[in-house]
Amino acid sequence: MNKQALSLRQGQLFFFTTLIALFIIAAVGQYLSPNLENFLSFSLFYKQDLIFLGIIVLINLSKLFEYKNNSNNITSNFSNKSAIFICLFIVIFCWAGHYLVFEGYDLTRDEKMANFDAYIFSHGKIFWPISPSWQPFADALNRAFILDFADRSVWVSSYLPVNAGMRALVGMVADAALTGPLLVALGAVSLWRITVRLWPASPMSQLVALILYAGSSQILFTGMT
């Protein structure tokens, strides 16, 4: 085993040991927490974090014994392929979740306004005109988060137009619901490139960072919206 492979294995062994120590500390801390039955972090730890901690431990344990003289090239290729796979997984998972979990429904006013503006922009307009027959009743319509125009002749949301603009652009070539998943995948690519700069000799660290990103419920559910 050459020095580079030995150094990589030692670094991963240190990471693995640290992860086990943190896991033990977290588990003990949860058991020692007051009001255990109603403690939110206890529930989240065992329903969410524990699963992915176990996955990371198994990945590191399997890789500790797979190093050869050319292990750096092997793990680098493995990391690159894994990054691509994770990005594709995020796009498909979030896009499917938008319809299977949320049934394509815009749950929040934020989402409604993004699609409201995207519809306007996709028709080449900045504002959407209100029919003259409806203008006297404009205040009775749902005007939450709507820009206030004195004459009530047009409307558009009070949000900045970047999100809606991106949705309009994606909607011109594909399903606008792909906007969120694509942005989450872009975040994964950005994170991966950062890890390459931070840990150029440790592809497994890069992979673990991406797994944690793809395993975040906040990331995935946001990508579905």
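What follows is a short chat about a predicted model of one chain.

Visitor: How many helices and strands are in the chain?
Guide: The chain has 8 helices and 2 strands. This is a predicted model.

Visitor: And what order do the elements run in, from the N terminus on?
Guide: They run α-α-α-α-β-β-α-α-α-α.

Visitor: How much of the chain is buried?
Guide: Of its 225 residues, 35% are buried.

Visitor: What share of the contacts with a separation of 6 or more is between residues 24 or more positions apart?
Guide: Such pairs account for 67% of them.

Visitor: Next, the largest nonpolar core. Which residues touch the most other members?
Guide: Ile86, Ile90, Cys94, Ala188, Leu207, Leu210 and Tyr213 do, in a core of 21 residues.

Visitor: Which elements give two or more residues to this core?
Guide: Helices H3 (71-100), H6 (179-198), H7 (203-214) and H8 (217-224) do. The largest share, 7 residues, comes from H7.

Visitor: What does isoleucine 90 touch, leaving out residues up to four places away in sequence?
Guide: Isoleucine 90 touches Pro181, Val184, Ala185, Ala188, Tyr213 and Ala214.

Visitor: What other core lies apart from the largest one?
Guide: Another core, of 5 residues, lies apart from it; Met113, Ile130, Ala138 and Ile146 are among its members.

Visitor: Changing topic: which residues form a nonpolar patch on the surface?
Guide: Val162, Met166, Leu183 and Leu186 form one, with about 340 Å² of accessible area together. Helix H5 (162-173) and H6 each give two or more residues to the patch.

Visitor: Leucine 183, then. Where is it found?
Guide: Leucine 183 is in helix H6.

Visitor: One more residue. Where is the place of tyrosine 119?
Guide: Tyrosine 119 sits in helix H4, which spans residues 109-122. With a relative accessible area of 47%, tyrosine 119 is partly exposed too.

Visitor: What separates the C-alpha atoms of tyrosine 119 and arginine 167?
Guide: The two C-alpha atoms are 8.8 Å apart, while the residues are 48 apart along the chain.

Note on methods
Residues numbered from 1 in each chain as written. Predicted model: local features only at pLDDT ≥ 70, side-chain atom pairs only at ≥ 80, totals over all residues. Heavy atoms only, no water. Helix = DSSP H or I, 4+ residues; strand = E, 2+ residues; numbered from the N terminus. Buried < 20%, exposed > 50% of the residue type's maximum accessible area, 1.4 Å probe, protein only. Core = buried A, V, L, I, M, F, W, Y, C linked by side-chain atoms within 4.5 Å. Contact = heavy atoms within 4.5 Å. Patch = residues over 30% accessible without salt bridge, like charges linked within 9 Å, V, L, I, M, F, W, Y side chains within 5 Å. Areas by Shrake-Rupley, 256 points an atom, 1.4 Å probe, with all protein chains shown as cover. Salt bridge = Lys/Arg side-chain N within 4 Å of Asp/Glu carboxyl O.
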